[in-house]
Amino acid sequence: MLWGGNLGALDVRSEGGETRLRASFPYGAQTELAPGRHEVIAPRAFADRIDAGEDIHLLFGHSFDKPLASRAAGTLTLADTDAALVLEARIDGGTSWARDFLAAHASGLIRGLSPGFRVQPGGERIERRGADYLRTVMRAALFELSAVTRPAYPQAQIEARAWETHQDRQPLCGAQYALNRWRA
């Protein structure tokens with residue numbers, strides 16, 4: 001699974017005792033993931049799972065142990081357009097991690113949005129541009145979106161991640177396979 005992110009518009013507010021989050025992940029923005037390694041997420045690259053109605057989670061810090069909302073629970077809605085992926089979530093402060101997230105956001109510590117995804121076979125294009133590389137993600141399976149402190153896209157802070165393509169995951173390495181991702 002790969003992680004990317006941006007500051008976009010991460011907005012948390014309370015309405016009638018319920019906390020609502022609205023955020024967006026703009027498509028077409030280029031970032032430098034590491035020196036010489038650039039990435040762009042193409043418009044509607046995440047459409048397959050979104051359009052199919054698959055369950056997607058909103059997490060705190062890419063941790064499936066810290067869910068904040070999900071499509072299956074009816075607390076997360078996604079609007080996928082050519083310009084951006086926009087999410088709206090209702091967050092229940094009944095868990096310790098939800099309260100931690102809300103407090104960290106209120107303090108200005110967490111402002112970014114970062115998608116967790118796996119590039120589909122044939123879903124990326126890697127081009128050499130001088131001494132640099134540009135990877136364009138055209139089709140990827142989106143599994144989660146996370147509220148994070150340092151998202152990777154230019155609208156936020158840069159996060160260094162190891163460069164890996166889906167071909168780098170060959171051969172299958174048991175439990176390590178699930179851990180193959182771009183990470184700091």
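**View 1. Ala104, a buried residue of helix H2**. Ala104 has a relative accessible area of 13% and is buried; buried means under 20% relative accessible area, exposed over 50% and partly exposed in between, with a 1.4 Å probe and protein chains only. The model is predicted: local features need pLDDT of at least 70, side-chain atom pairs count only at pLDDT 80 or more, and totals for chains, interfaces and linings use all residues. Residues are numbered from 1 along each chain as its sequence is written, and side-chain values use heavy atoms, with hydrogens and water left out. Helix H2 spans residues 96–106. Helices (H or I, at least four residues) and strands (E, at least two) are DSSP runs, numbered from the N terminus. Neighbours within four places in sequence aside, Ala104 is in contact with Leu109 and Ile110; contact means heavy atoms within 4.5 Å. Thr149 is 45 residues away from Ala104 along the chain. Their C-alpha atoms are separated by 9.2 Å.

**View 2. Arg44 and its positive phi**. Arg44 is not a glycine, yet its phi is positive, at about 60°. The residue sits in the loop between strand S5 (37–41) and helix H1 (47–51). Arg44 counts as partly exposed, at 28% relative accessibility.

**View 3. His62 in a loop between strands**. The loop runs between strand S6 (57–60) and strand S7 (63–70). His62 is not a glycine but has a positive phi of about 60°. At 14% relative accessibility, His62 counts as buried.

**View 4. Strand S12 with S5 and S11**. Strand S12 covers residues 132–137 and pairs with S5 in the parallel sense, over five bridges. Two strands pair if DSSP finds at least two bridges between them. Glu39 stands opposite Arg135 in S12. Strand S11 (residues 124–129) runs antiparallel to S12, and six bridges join them. Arg125 has Thr136 in S12 as its bridge partner. The hairpin of S11 and S12 has two residues between the strands. Gly130 in this hairpin takes a positive phi near 65°.

**View 5. The protein chain as a whole**. The chain holds three helices and 13 strands. Of its 184 residues, 48% count as buried. Among contacts between residues at least 6 apart in sequence, 61% join residues at least 24 apart. The chain exposes about 8600 Å², and carbon and sulfur atoms supply 51% of it. Accessible areas come from the Shrake-Rupley method with a 1.4 Å probe; for residues, only the protein chains shown count as cover.
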